[in-house]
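Me: Hi! Could you show me how to read a structure like the one below?

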Amino acid sequence: MNMNIEFFLMSGKKREKNYYNLEVKEKLSSEETKPKDFIAYPFIEGENIDLCPTNLNHIKLYTKWVNDSKARIYARNNKPHTVEDITKWFEPSESRGLSSYITFEIWHKKDKIPIGTCGFGRINWIDRNANIFMSIGVPEYWNKNLGTEASRLLIDYGFKELNFHKIYAGIFEPNISSWTVAEKDGFILEGVKKKAIFVDGVYVDTRRYRMLKKDWLKNHP
Amino acid sequence: MEHEEVRTFISGKNVDLLPGDNLEHVNLYAKWDNDQETRHYARNIFPTPPEDYKKGIEEEKKGTPQEMNFEIYHKGDKKIIGYVGFNHINWSDRNANIGMVIGEPEYRSKDLGTEAAALIIDYGFNELNMFKIGCGMYVLNTASMKVAEKLGMQREIVYKEQAWVDGKYVDEYEYRIFLDEWKEKRKELL
C-alpha cells in the first residue's frame, strides 16, 4: 500500500482551531461521506474505540481523509488520490504472499462512526518488525486521547499476536504532540534523520522512535 | 566486450557506469544476488531466479523512475563486476538511497566500489537535483561502512536490533551526505 505510514496521533492545536468550522461539519454529514448505516466488525475492542477491518463501503470517507488539506500534511500525502486509487489499496490482493501491511479502521464506539485508520506498514516477517501508523481523519476527534488508545491496542496486537520483535515509528519534528505521545507511550528516540522531508516550504527532521518487545515487557509483564 | 558496445553512461577513472537492467545480463545479476557470501551482506534472504529480473525489467515503466540501476564496468579488464543504483528515490523530498554490489569477489577491497558510489552520488546531486543521499547496512558489513566513510558520509541513525542475521538480532546503520557536504568531498574523490 502506498498510503503514508508516518505515525501521528493528533495534530497541533493551531491547525485544529482553524479547521473546526461549519463548512466542514456540513461536508461531514453529506451523503457522500456519511452513509446512514455504518457497520462495524470489531477485531480488537477498546474502551472508547474499536479497531475494525477496513470496509470497502467506507472508501469515500477514507478518500476524504487522505485528501483533506489539513489532515494530509501530517500524513505526508502530497498528491491527490481518487476514490479508485483508495479502492485499490483496500481491495483484496491477488498475491498469495503474506501482506507487508495491516490496516484497521478506528471505530468510535459511542458515536458509531469510523474516525480514522491505523495499522502496521513495512512489516518484515523475517526480522519481525514493523512501522506503526495512525491517522485520525476527523479533526473533531483530535486531542481526545483516542490516538493513544488506538496505539496501545495496536502495540498489544503487534507483540502478543503477531509476535513482533520491534515496533518503530517515524514522526516529523514539527508534529510535537505526536512524538510527545509516543514518548509517553514508552517509545525510545532511536535517532533523527536530518532534513529528511519537505513540508510547508522547508526541510524538516524526522524523529525515529522504537519499542523493542523486551522493553515493552518490562511494563507489561 | 568492446568499449563501444558497453554504452557508457557515466565515465570514471577505473570504472564506468553503464545502463543497468540489461535483459541479456539477468543470469549475471542472479549469480551475484544468490551467491551465499554476497547475499549474506546484501541481506537477500529469498532465492531470486533470473526470470524475476526479467519480469521486473520488462514491466512497463511510466513516469519519472523511483529507482535506477547501473552496471559497474571495469575499464581495464573490460568486465562487468557489479551494480550500483538508487533505491526509493523521493522526488519531492529530493533524497534517495544507494544500493551496491561488487558481485565479482576478486574486485572487492580495491576502492572500485567507492569510485562507483562517488560517480552515482555526483550524478544524483549534479544531474538529478537531489538534496540528500544515504545508504544503509547492518553492523557486520564493515566493508560497506568503510565505503560510506570514505565517501564523506556521516552515520545518522543506529537502528537497534533491526535485522535478523546469522541467528541473532543485529543493529543497522544509516549513513547520509548532503549536497553542500558533497561539494567539498567530490574534489578529493573525483
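Reply: Happy to. This is a predicted model, where local features need pLDDT of at least 70 and side-chain atom pairs count only at pLDDT 80 or more, while totals for chains, interfaces and linings use all residues. Residues are numbered from 1 along each chain as its sequence is written, and chains are lettered from A in the order in which they are written.

Me: What is the average pLDDT of chain A?

Reply: pLDDT is the predictor's confidence in each residue, from 0 to 100. Chain A averages 83, and 83% of the residues score at least 70. Over residues 1–27 of chain A, though, the pLDDT is below 50. Where pLDDT is low, the predicted coordinates should not be read in detail.

Me: Which residues have the most contacts inside the largest nonpolar core?

Reply: Such a core is a set of buried Ala, Val, Leu, Ile, Met, Phe, Trp, Tyr and Cys residues joined through C-beta atoms within 7 Å; buried means 20 or more other C-beta atoms within 10 Å of a residue's own. The largest has 42 residues, and B:Ile72, B:Val84, B:Ala116, B:Ala117, B:Ile120 and B:Ile121 have the most contacts inside it. Leaving out residues up to four places away in sequence, B:Ala117 touches B:Val84, B:Ile98, B:Met100, B:Val147 and B:Leu151.

Notes:
A residue is buried if 20 or more other C-beta atoms lie within 10 Å of its own, exposed if 12 or fewer, and partly exposed in between; C-beta atoms are placed from the backbone. Two residues are in contact if their C-beta atoms, placed from the backbone, lie within 7 Å.
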